[in-house]
Amino acid sequence: HDKLVPLRARLRAYMLSTMLPILQRWRDESEALNDLPCASVVYALLALLYSNTQPSEMGEDEFVHIVGSMAFVNNWHGYGLGQQRTDFLRCAGDTRDAEARLIR
């Protein structure tokens with residue numbers, strides 16, 4: 001255990017200093033292109049980036065990143081069914097806009 005703590009700290013530092021900016025850039029690009037399937041993947045990766053966050057490391061920014069990423073994926077992802085989730089909702093008669101579905 002004592003040997004793993006410093007390794008975890010180094011891995012976390014790398015993920016936040018190197019991987020986070022890359023994922024944020026990909027997120028911005030996919031959103032600018034209105035590419036929801038790509039954005040869903042990137043948001044899922046952003047949530048995973050924080051999946052091993054310890055309670056002592058959980059600040060407001062981390063919480064916002066995790067919950068925001070999870071909410072985006074939940075609202076827009078088609079879950080491997082070849083379509084966006086919103087397509088299935090519309091077919092089922094759900095006429096609420098994206099914001100209303102997110103708030104539900």
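1. The structure holds three salt bridges, a salt bridge being a side-chain nitrogen of Lys or Arg within 4 Å of a carboxyl oxygen of Asp or Glu. This is a predicted model, in which local features need pLDDT of at least 70 and side-chain atom pairs count only at pLDDT 80 or more, while totals for chains, interfaces and linings use all residues. Residues are numbered from 1 along each chain as its sequence is written, and side-chain values use heavy atoms, with hydrogens and water left out.

2. Arg8 and Glu57 form a salt bridge through their side chains, at 2.8 Å from N to O. Arg8 belongs to helix α1 (residues 4–32) and Glu57 to the loop between α2 and α3, so this pair ties together parts 49 residues apart in sequence. Helices here are DSSP runs (H or I, at least four residues), numbered from the N terminus.

3. The side chain of Glu57 also meets that of Arg12 in a salt bridge, at 3.6 Å from N to O. This pair links helix α1 with the loop between α2 and α3, across 45 residues.

4. Arg12 counts as buried, at 16% relative accessibility. Arg8 is partly exposed at 25%, and Glu57 is partly exposed at 24%. Buried means under 20% relative accessible area, exposed over 50%, and partly exposed in between (1.4 Å probe, protein chains only).

5. A salt bridge also joins the side chains of Arg27 and Asp28, at 3.1 Å from N to O. Asp28 is partly exposed, at 41% relative accessibility.

Note on methods. Helices (H or I, at least four residues) and strands (E, at least two) are DSSP runs, numbered from the N terminus.
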